[in-house]
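Here's a quick tour for anyone meeting this structure for the first time. Take a look at the sequence and the model, then read on.

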Amino acid sequence: ILAEFGATGQITRKTQGGDYDPDTGTYPQVTTTQAVTAVVIAMPQHLIDGTTVLQGDELAYVSAVGLTMPKPLDVMTWMGADYTVINAKPTAPAGVNVLAEIQVRK
């Protein structure tokens, strides 16, 4: 269904890599990007608790075949908008990850 009705996007993760650079006072960042097929819908109202799930949060369903599971603070770019990953949960019947449910926030 995602292949037919979803839209392509990407998930970007920035991690610290390499040695500390005393000239800049920082560690170099390594950026990795994964292509995804996803749909993003409004978060169901009954899940909004005002603490971990806020009004305006959205729910992304992402094809997870071959996907490295997103982590909080990763960025999902979809349909021209950037969303911060808040939480991600795999759906893995028979131990095969086929779908990721991702709470995202603009």
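Does Val-65 count as buried or exposed, and why? Keep in mind that this is a predicted model. Val-65 counts as exposed because its relative accessibility is 64%, and the cut-off for exposed is over 50%. You'll find Val-65 in the loop between S3 and strand S4 (75-78). Together with Val-96 and Val-98, Val-65 makes a nonpolar surface patch of about 260 Å².

Now for the strands. Here's how S2 pairs up on either side of the story:

| Strand pair | Direction | Bridges | Residues standing opposite |
|---|---|---|---|
| S1 (residues 7-16) and S2 (residues 29-42) | antiparallel | 10 bridges | Thr-8 and Thr-37 |

Tyr-27 sits in the stretch between S1 and S2. How exposed is Tyr-27? Its relative accessible area is 41%, so Tyr-27 is partly exposed, a label that covers values between the 20% limit for buried and the 50% limit for exposed.

Which residues does Tyr-27 touch, once those up to four places away in sequence are left out? The answer is Gln-16, Gly-18, Asp-19 and Tyr-20. For a sense of scale, pick out Met-79 as well: Tyr-27 and Met-79 are 52 residues apart along the chain, and their C-alpha atoms are separated by 31 Å.

Definitions and conventions
Residues numbered from 1 in each chain as written. Predicted model: local features only at pLDDT ≥ 70, side-chain atom pairs only at ≥ 80, totals over all residues. Heavy atoms only, no water. Pairing = 2+ DSSP bridges. Helix = DSSP H or I, 4+ residues; strand = E, 2+ residues; numbered from the N terminus. Patch = residues over 30% accessible without salt bridge, like charges linked within 9 Å, V, L, I, M, F, W, Y side chains within 5 Å. Areas by Shrake-Rupley, 256 points an atom, 1.4 Å probe, with all protein chains shown as cover. Salt bridge = Lys/Arg side-chain N within 4 Å of Asp/Glu carboxyl O. Buried < 20%, exposed > 50% of the residue type's maximum accessible area, 1.4 Å probe, protein only. Contact = heavy atoms within 4.5 Å.
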